[in-house]
Amino acid sequence: MHDEQLLRYSRHILLDEVGIEGQEKLLQSHVLVIGAGGLGSPALMYLAASGCGQITVADADAVDLTNLQRQIVHTTARVGQLKVHSAAQGMAALNPDVQVHAVQVKAQGEVLEQLVDQAHVVLDCTDNFRTRQQINAACVKYRKPLVSGAAIRWDAQVSVFDLRDELSPCYACLYPPEDVPKEVACSTMGVFAPLTGMTGTMQAGEALKLLMGIGEPLVGRLLMLNALQMQWTTLRIKRRPHCPVCGAGH
């Protein structure tokens, strides 16, 4: 690290668990964030601020005025721009050293697999059940740790699925692909603005811990938050032997 980086990341370096070695791991890391909306916005900003060397952001949508209530990486002046380009501008303004790859694409198929294969850690910041299942399957295939988050109305949840750990469940162990839920969206259900920030920030935190190999990530645990009551709940998740994605024979 050069002198400016030592100064920029000095508060990280002061942490015994991080130090120069941990910060250098971040500088050499490649993170994939799928979704540049309510969850992706704070996650991207904190990953960039923390000095992740490469950040790939994948999203196919454009910035809409209704996004700005919670999607803090975007600005009023960038309404109408592609979210990935807007997010890249926001991250560059915060930390110009970070190399941002803006990919205007829906996360699916061969393109998704290529993006996952190139990353060290994947953050699922989407809001679609089918897409979540495809992201999980790609992460299982390439043994990439997946940090999953979700937020709607007043409720949020975060977990880590890391198939490098033989005991870790995958997303499909928690939500089987065949159990398709009734789709809900913040456009019809609403969402508390700070809740998305809290959730995306927790996703960034879990990703940073995974990249540096420190602490205890949320593997095998589902952390849930009711923001209206400010109540936190943790559920244990076990790997399903017959999971159609990560179970025996798959």
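Residues are numbered from 1 along each chain as its sequence is written, and side-chain values use heavy atoms, with hydrogens and water left out. Because the model is predicted, local features need pLDDT of at least 70 and side-chain atom pairs count only at pLDDT 80 or more, while totals for chains, interfaces and linings use all residues.

Student: How many aromatic pairs does the structure hold, and how is the pair of Trp 154 and Phe 192 classed?
Tutor: Rings of Phe, Tyr and Trp (its six-membered ring) pair if their centres lie within 6.5 Å; planes under 30 degrees apart count as stacked, over 60 as edge-to-face and the rest as tilted. The structure holds three such pairs. In the pair of Trp 154 and Phe 192 the ring centres are 4.5 Å apart and the planes stand at 35°, so the class is tilted.

Student: How many residues apart in sequence are the parts that this pair ties together?
Tutor: Helices (H or I, at least four residues) and strands (E, at least two) are DSSP runs, numbered from the N terminus. Trp 154 is in the loop between S5 and S6, and Phe 192 is in the loop between helix H9 (186-189) and helix H10 (193-212). The parts tied together are therefore separated in sequence by 38 residues.

Student: Which residues are linked into a cluster by ring pairs?
Tutor: The rings of Tyr 171 and Tyr 175 have centres 5.3 Å apart and planes at 50°, so this pair is tilted. Ring pairs make a cluster of Phe 161, Tyr 171 and Tyr 175.

Student: Is Tyr 171 buried or exposed?
Tutor: Buried means under 20% relative accessible area, exposed over 50%, and partly exposed in between (1.4 Å probe, protein chains only). Tyr 175, at 27%, counts as partly exposed. The relative accessible area of Tyr 171 is 6%, so Tyr 171 is buried.

Student: Which backbone oxygen does the side chain of Ser 159 reach?
Tutor: Ser 159 lies in strand S6 and is buried, at 2% relative accessibility. Its contacts (heavy atoms within 4.5 Å) beyond four places in sequence include Leu 146, Leu 218 and Ile 237. At 2.6 Å, the side chain of Ser 159 reaches the backbone oxygen of Arg 221.

Student: What is the phi of Arg 143?
Tutor: Arg 143 sits in the loop between helix H7 (129-142) and strand S5 (146-152). Its relative accessibility is 41%, so Arg 143 counts as partly exposed. Although Arg 143 is not a glycine, its phi is positive, at about 55°.

Student: Where is Arg 153, which also has a positive phi?
Tutor: Phi of Arg 153 is near 55°, in a residue other than glycine. Arg 153 is partly exposed, at 42% relative accessibility. Its place is the loop between S5 and strand S6 (155-161).

Student: How many residues apart are Glu 113 and Lys 141, whose side chains meet in a salt bridge?
Tutor: A salt bridge is a side-chain nitrogen of Lys or Arg within 4 Å of a carboxyl oxygen of Asp or Glu, and the structure holds four. Glu 113 and Lys 141 meet at 2.9 Å, N to O. Glu 113 is in helix H6 (residues 109-118) and Lys 141 in helix H7, so placed that the pair links distant parts of the chain, at a separation of 28 residues.

Student: Are Asp 124 and Arg 132 buried or exposed?
Tutor: The side chains of Asp 124 and Arg 132 meet in a salt bridge of 3.4 Å, N to O. Asp 124 and Arg 132 are both buried.

Student: Which residues does Pro 217 contact, leaving aside neighbours within four places in sequence?
Tutor: Pro 217 is in the loop between H10 and S7. Glu 206 and Lys 209, both in helix H10 and three residues apart, form a salt bridge of 2.8 Å, N to O. Pro 217 is in contact with Glu 206, Lys 209 and Leu 210.

Methods
Polar contact = N/O pair within 3.5 Å; in protein donor to acceptor, adjacent residues only side chain to side chain.
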